[in-house]
Amino acid sequence: MINRNLKSMLKINSTKNLIAKAFLYFMFFAIAFSSCKKNSDEVSTTPSITIQSLTPGTIKQFSDTLTMIIAYEDGDGDLGENNSTAKNLFVTDKRINITTAYRISELAPQGSAINIKGTLKLYLSNIPVLNGNNSESYNYDVYVKDRAGNTSNVVTSSSVTVVK
């Protein structure tokens, strides 16, 4: 009888051990797979931009100024440059596919590796009507490049009309 009780207890203990091992394996794999999930708060080291506004929608050639507001985000903070000859903001007039390069001043200290976001204000002036008519509508393509050489997405502005 003691033998029978002992065997019965051993079976219960081995079943408990099996359940405990299975639970531990399950928890290990659950933790391992959940750690593989990409952090949705992580920001890319490649800069990203959007055009928030381009105003006014209609301008008089050579006399009015366009104001473009560009929102940016960069995961490692290396957007902008203190070198006065550096060019890192590129605006293409889509009528003639000519790109003009501008400089964004350094937005975070070199080596800081921090997420930065904000807005840039760009003023465009002396814009002519090019098609020989009294008015012309067109768009701009815009992108930026950070100090590591990463090029942002290219965004297209809303349409603007220039009149004589």
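Reader: What makes I96, I98 and L130 a nonpolar patch on the surface?

Author: In this predicted model, I96, I98 and L130 together have about 260 Å² of accessible area. Nonpolar side chains with over 30% relative accessible area are joined within 5 Å, and I96, I98 and L130 form such a patch.

Reader: Why is I96 called partly exposed?

Author: The relative accessible area of I96 is 42%. Buried means under 20% and exposed means over 50%, so I96, at 42%, is partly exposed. I96 sits in the loop between β4 (89-93) and β5 (98-102).

Reader: Is L79 buried or exposed, and how do you know?

Author: L79 has a relative accessible area of 0%. The limit for buried is under 20%, therefore L79 is buried. L79 is placed in the loop between β3 (66-74) and β4.

Reader: How far apart are L79 and L107 in sequence and in space?

Author: L79 and L107 are 28 residues apart in sequence, and their C-alpha atoms are 6.3 Å apart in space.

Reader: What is the volume of the largest pocket, and which residues are closest to its centre?

Author: The volume of the largest pocket is about 210 Å³. Its lining has 14 residues, of which D93, T100, Y102, I127 and Y140 are the closest to the centre. β4 and β5 are the elements that give two or more residues to this lining.

Reader: What classes of residue make up the lining of the largest pocket?

Author: Eight residues of the lining are nonpolar, four are polar and two are charged. Tyr counts as nonpolar and Asp as charged.

Note on methods
Residues numbered from 1 in each chain as written. Predicted model: local features only at pLDDT ≥ 70, side-chain atom pairs only at ≥ 80, totals over all residues. Heavy atoms only, no water. Patch = residues over 30% accessible without salt bridge, like charges linked within 9 Å, V, L, I, M, F, W, Y side chains within 5 Å. Areas by Shrake-Rupley, 256 points an atom, 1.4 Å probe, with all protein chains shown as cover. Salt bridge = Lys/Arg side-chain N within 4 Å of Asp/Glu carboxyl O. Helix = DSSP H or I, 4+ residues; strand = E, 2+ residues; numbered from the N terminus. Buried < 20%, exposed > 50% of the residue type's maximum accessible area, 1.4 Å probe, protein only. 1 Å grid on protein atoms, 1.4 Å probe; cavity = no way out; pocket = protein on both sides within 12 Å on 5 of 7 lines; lining within 4 Å. Points joined across faces, edges and corners; volume = space filled by probe spheres on them.
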